[in-house]
Amino acid sequence: MNHPDHPELAEAFNKDFERTTWHDETLWFVRQKRDKAVYPIPEFQDLRTLASEIKDHTLSNLDNYLIEFEQNAIKNGVKVHWAADAVEHNQIVMEIIKNSCKVEGRNPRLVKSKSMLTEECHLNDFLEKNNIDVVDTDLGERIVQFRNEPPSHIVLPAIHLKKEDVGETFYEHLGTAKGEKDPQILTEAARQHLRGKFVAADVALTGVNFAIAETGSFVVCTNEGNADLGVNLAKVHIACMGIEKIIPDLHHLSVYTRLLARSATGQPVTTYTSHFTKPVEGKEMHIVIVDNGRTQQLGRADFRASLKCIRCGACMNTCPVYRRSGGHSYDFTVPGPIGAILSPNIDLHKHKSLPFASTLCGSCSDVCPVKIDIHVQLYKWRQIVGKANELPAAKKWGMKGMAKVLSMPKVYDLSGKLARGALRILPHGLTHNQSMNPWAKARELPDAPKQSFKEWYEENRQ
Amino acid sequence: MKVALFIPCYVDQFYPNVGVATLQLLEKLGVDVVFPIKQTCCGQPMANGGCEQDSKGVYEHFVATFSEFDYIVTPSGSCTYHIKKHYDIIEQTPAVQKVRKSIYELVDFIENVLKIEEIPNSFPHKVGLHLSCHGQRGLRQANASEITGVRDGQISKLLRKLKGIELSELNRNDECCGFGGMFCVTEEAVSARMGQDRIADHLCNGTKVLTGGDVSCLMHLEGIVKRQNAPIKVMHIAEILNGNQP
């Protein structure tokens, strides 16, 4: 099956010049907020190193920490479930909901706070097909849920939309006035709408930012307080986490809470950093621990560091390609640079263009709060795509030909001379033909000089 | 001190003047420099395209051409970075290790090997410096805005000391230009847009001469300048330091 690749989707995105400008500037503003929050902290680079090393240690001892976490969570009265993949995860969540909510005459009602893992598992679709009502309660998530779109950013799910777009969506779904675009009025409409959903919910589902092995507790970070509202009102709390969310103890948590919000949005800390340890009497708490390809990535020496990711989204905000192609152009749950190194692990064929959706500028690696060598991994995935025979044939054979020429000096000299000669003789309309030469769509070719440097050197210095 | 000049393939073919300026500059600085005539390319274009295995022959040719020298100097941070970083897939013979250690980007060589901190030339123009990513973040030749708010680096240090020069303060000091090797054609739309945005930043901050350490970035940016008929002259840093005028 042929999927539209990143270049096609990015080209479509760029057709709207003004909107691309707006998207780029909006995310660059977030990057600048991050800089303002980071520069005044003298130990920020040391914190990054520490965070990276804690994750290195944890990933190397993941089996032990996961078991320690499970044992402590069970002692706290939490029910722990293990899911090997998305199918198992979705099945487990559905069964918890159906078992704990047996009301006649209506569907069980689930409220969710943001969880990229459940996006990855396509949980919403699955639950809705199984007659469970699902409401995303993060404002951005609710907007894209209304629109039947995936999030375009992991921290700012509706960042691809302008307030006018949100106004249109709320006019259709929440009955706000046609053409209303005042952010305060729109947000108030969403608040009133969501209050009703919170009060009526049977089950609340949250993600997990950090799971602490030593205590068996977990931490959920939000700015809207929607996780807390959902969890405290519903009878059942389900928390879904990937296996890489584990950290050893609470001291380590303090490193990450200092890094996460500063890197994500430039805040010193998220508005809500909520610790969950045990269920309130008479209520249930479940944790679903999910692999879904993570152990496979852990087994890839060159790529295991990608599992250190704390999902701050800073690599998206800083990426000059992401800012000018939009999250949907990646066609993967996690877009941007980090998505481009996670996605080939899941489906190399489908996502083969993503490691190439980068100039390898390295800004992502320098901004990453846990020092993932993202641009190095992009380069390495490119080699795997090449070896797996997933490159377009013209490129593959072109590269082989070029490599041959460049390993034979005389052939190189002659080819260069001929090419420059041709460029000088051929009419501009032909050398700059836009269907044959993508370079020429927006750029002039350099002038082809009569003499190469080598020819000049032979004439003037030897 | 045996010093070799490496002129990257696209500079050799399309920007011989940058090669000439680099050679003349090194000669003026008292370096006895030779240009090994059998050189071609560092192999980066294929490797970045996902075909590093195909590049092995080019790597071996490069090592054979340059391993007898104490220093290899090149007007390209990108090729330098590639040789240092990615020549790890061929057998690490003493020759390979030596080449990876002795390759230097031109300005790095001037400041850190020759220990020259000032070139007594005059360049009375408003200059915009494009920081090429491989030199800046790859070789750490300049501070990165992700890490510090202090804007400083090897090229700007030398530029600032030229008489009469004024440097543009850019809105985005170190955003990538969008060249990216094969990226410039495989992701044409994003690549072109990134370049256009860089040029717009330079134009609104008064750049009259645009310079940088990598001809590849400059070739892409010059392509946009020419298409837009923008009032900017593009020169490589070697040309400016050599005393060439726009």
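Reader: Before we start, what should I know about the model and its numbering?
Author: This is a predicted model, in which local features need pLDDT of at least 70 and side-chain atom pairs count only at pLDDT 80 or more, while totals for chains, interfaces and linings use all residues. Residues are numbered from 1 along each chain as its sequence is written, and chains are lettered from A and ligands numbered from 1 in the order in which they are written.

Reader: OK, at what angle do α3(A) and α12(A) cross?
Author: The axes of α3 (residues 44-60) and α12 (residues 250-265) of chain A cross at roughly 130° and come within 10 Å; helices here are DSSP runs of H or I with at least four residues, strands are E runs of at least two, and both are numbered from the N terminus. Axes are lines fitted to C-alpha atoms, for helices over the stretch in contact, and angles run from 0 to 180 degrees between N-to-C directions. The pair α3(A) and α12(A) is therefore oblique, given that angles under 35 degrees count as roughly parallel, over 145 as roughly antiparallel, 65 to 115 as roughly perpendicular and the rest as oblique.

Reader: And which residues make that contact?
Author: From α3(A) they are Leu47(A), Leu50(A), Ala51(A) and Ile54(A), and from α12(A) they are His252(A), Val255(A), Tyr256(A), Arg258(A) and Leu259(A), where contact means that C-beta atoms, placed from the backbone, lie within 7 Å.

Reader: Switching to the sheet, what is the strand order?
Author: The order is β1-β10-β7-β4-β2-β3 in chain A, an open sheet of 6 strands with parallel pairing, and two strands pair if DSSP finds at least two bridges between them. The twist averages 20° from one strand to the next.

Reader: Which strands stand at the edges?
Author: Those are β1 (79-83) and β3 (133-136) of chain A, each of which has a single partner strand, so one side of each is left without a neighbour in the sheet.

Reader: How many bridges join β2 to β4 in chain A?
Author: There are 3 bridges between β2 (residues 109-112) and β4 (residues 203-206) of chain A, and the two strands run parallel. Leu110(A) has Val203(A) in β4(A) as its bridge partner.

Reader: Now the chains: how many residues of chain A are in contact with chain B?
Author: On the chain A side 54 residues are in contact with 61 residues of chain B. The helix that gives the most to the side of chain A touching chain B is α19(A), with 6 residues.

Reader: What about α1(A) and α11(B), how do they pack?
Author: Their axes are 7 Å apart and the angle is about 45° for α1(A) and helix α11 (residues 188-204) of chain B, which makes α1(A) oblique to α11(B). In this contact Ala10(A), Glu11(A) and Asn14(A) of α1(A) meet Ala189(B), Val190(B) and Arg193(B) of α11(B).

Reader: Last one, where are His122(A) and Asn131(A)?
Author: His122(A) sits in the loop between α6 (116-120) and α7 (123-129) of chain A, and Asn131(A) in the loop between α7 and β3 of chain A. Phi is positive in these non-glycine residues, near 50° for His122(A) and near 60° for Asn131(A).

Reader: Is Asn131(A) buried or exposed?
Author: Asn131(A) counts as exposed because it has 11 C-beta neighbours inside 10 Å, whereas His122(A), with 15, counts as partly exposed. A residue is buried if 20 or more other C-beta atoms lie within 10 Å of its own, exposed if 12 or fewer, and partly exposed in between, with C-beta atoms placed from the backbone.

Conventions
Contact = placed C-beta atoms within 7 Å.
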